[in-house]
Amino acid sequence: WVVLQNCHLLVKWMKNVEKIVNDMDGDKVHKEFRLWLTTEVTTEFPLAILQRSLKVVTEPPNSLQLNMSTSYSKIDEEDLESCPHKAYKPLTYVLSYFHAVIQERRKYGKIGWNVSYDFNRSDFDVSFSLLNTYLSKAYNYGDPVPWDSLKYLVGEAMYGGRVTDDWDRRILITYLNEYMGDFLFDTFQPFYFFQDKTRNYNLPDNCIETSYTKEEFTEHIEASIMVDNTPEVFGLHANAEIGYLTNSAKNLWENLLQLQPRAAAGGSQGSREALVRDIADGILEKIPEPYDRIALVKRIGKPTPTLVVLLQEVERWNILVELMKSSLLDLKKALAGEIGMSAELETISISLFNGQVPMLWKNAAPKTKKSLANWLIHFQRRYDQYTEWIDTLEDPMVVWLSGLHVPESYLTSLVQVTCKKYKWPLDRTTSVAKVTKYSNASQIKKRPKDGCYVQGLFLEGAAWDMKNMCLRRQDPKMLVVDMPIIEITPIENSKLKLQNTFPTPVYVTSDRASAAGTGHVFTAHLDTEDHESHWVLQGVCMYLVKD
């Protein structure tokens, strides 16, 4: 047998493997010969190898109960008895519950984790070994359970070693803070992982004094942990289930659109081309002329930091406008047979027919998940904001951050303006966001002394209480709510005093941050009457562009 591991790391070389396999003489190959390939999912893997292979996929069980049972099935009874500390077996149960919860949370997409991490058996095994080592040491020296060390090693090193996003790491640490501590063994106030009218997820009775066997732990899992669980078991709101089902249906329809036949016979093909041509004509009518950037530079003279941002935005806008116009004109020529239909133009034609924004335009525009029709409305509103800004050369009374190509650059320019005004050191200055009682830009008649007003933000994972001006639990079936206008003010770090607030990340779209960390705009500290951990596990965030 031959085993080639981690083939996704050298996909280009797999073409050589394909050639070697094709050149093999079946009569000369040993009947017991087998070629095993291990790989992560990648679109570049040679199709020919996949088609002639038997595929074996390893995935975690799709259930909290099955996941925990699987964890215990791979623990030897000897390993479970190897540590004399009374807390060892209960903490092994806690670790298996934690391991199952963070994997099940992936089901809910971006509100679960910004990046889908491959937490696997090796993470559990090493953490299990760490429990043994540290609890044995605590037992031998008569020390208390080293909670801080365990939480750091499990949350930051073992499982946290896979986590690339700081906001995801916050979720991981919050789970451990909720599941690990002396409160686990409090006899006066029993600990529950989760409790409602139908579920009581807890440790086995008196597990700190009673030495349970592996089989007894497994029986407790099967008796107390349900197979089907609501999002609330994982700290999320019940609305997360609606979001999961909605996204699943959306992905299904998007895939079905991609599977449509690319060509049809006779009149059907002609009607399709006519429709694409009409769509192209309609968009061309809406595309404005590029701004005269050179004339704008002369008008401005010596630019302020915010006007520098305007010039950069105009430059990016002109690139997008010219790209849209040239690609649509070329597409019309290709449909008329004047030039050849390239793969790029074919892709644009398919996108227009399906009501999607062509990828060529997406790459030159701010990040979006909108359909073509909604994107064009957004495009027109961006143009209106730029035009007003250019006409007055004054910052907008209320800035629509969603309409800027790089919104974080505008916020940075506000900090620069304020630092220059008060002679503050730039590296010791930050911005603070305060939610106002204004719900409409027309209600604001005066600019703030420093900073700006921002409109068009959306809140996910929570709702906003206009009466008490703080976060509150979501209403049923209300997954995303509009936020009131927010005032962003630069302030010196030494003067920043925050109490009873929740650091809320603000992203560009509902896709939140990518694995590369792109997509995060700024952090807003929203007032709250609940503990921070509640909102962390609810996956609360804000974003600029609604789907």
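Tutor: A salt bridge is taken here as a side-chain nitrogen of Lys or Arg within 4 Å of a carboxyl oxygen of Asp or Glu. The model is predicted: local features need pLDDT of at least 70, side-chain atom pairs count only at pLDDT 80 or more, and totals for chains, interfaces and linings use all residues. Residues are numbered from 1 along each chain as its sequence is written, and side-chain values use heavy atoms, with hydrogens and water left out.

The setting may be given briefly. The protein contains 18 helices and 15 strands, where helices (H or I, at least four residues) and strands (E, at least two) are DSSP runs numbered from the N terminus. Its C-alpha trace spans about 80 × 80 × 45 Å along the principal axes. Of its 547 residues, 44% count as buried; buried means under 20% relative accessible area, exposed over 50%, and partly exposed in between (1.4 Å probe, protein chains only).

The salt bridges come to 20 by the rule above. One of them joins the side chains of Glu 241 and Lys 107, at 4.0 Å from N to O. Glu 241 belongs to helix α10 (residues 239-258), whereas Lys 107 sits in the loop between α5 (88-104) and α6 (121-141), so this pair ties together parts that are 134 residues apart in sequence. Glu 241 is partly exposed because its relative accessible area is 23%, and Lys 107, at 31%, is likewise classed as partly exposed.

A second pair lies within one helix. Arg 316 and Glu 313 meet through their side chains at 3.9 Å, N to O, in a salt bridge. Both are in helix α13 (residues 305-335), and being three residues apart, they are separated by about one helical turn. An α-helix has 3.6 residues a turn, so residues three or four places apart point the same way.

Some acidic side chains gather instead in a surface patch of negative charge, made up of Asp 76, Glu 77, Glu 78, Asp 79, Glu 215, Glu 216, Glu 219 and Glu 222. Patches are made of residues with over 30% relative accessible area and no salt bridge, like charges being joined within 9 Å and nonpolar side chains (Val, Leu, Ile, Met, Phe, Trp, Tyr) within 5 Å. For charges, Lys and Arg count as positive and Asp and Glu as negative, with His and the chain ends not counted; each charge is placed at NZ of Lys, CZ of Arg, CG of Asp or CD of Glu. Accessible areas come from the Shrake-Rupley method with a 1.4 Å probe, and for residues only the protein chains shown count as cover.

Helices α4 (77-80) and α9 (214-224) each supply at least two residues of this negative patch. The most comes from α9, which gives four residues. Glu 216 is located in helix α9 and is partly exposed, because its relative accessibility is 36%.
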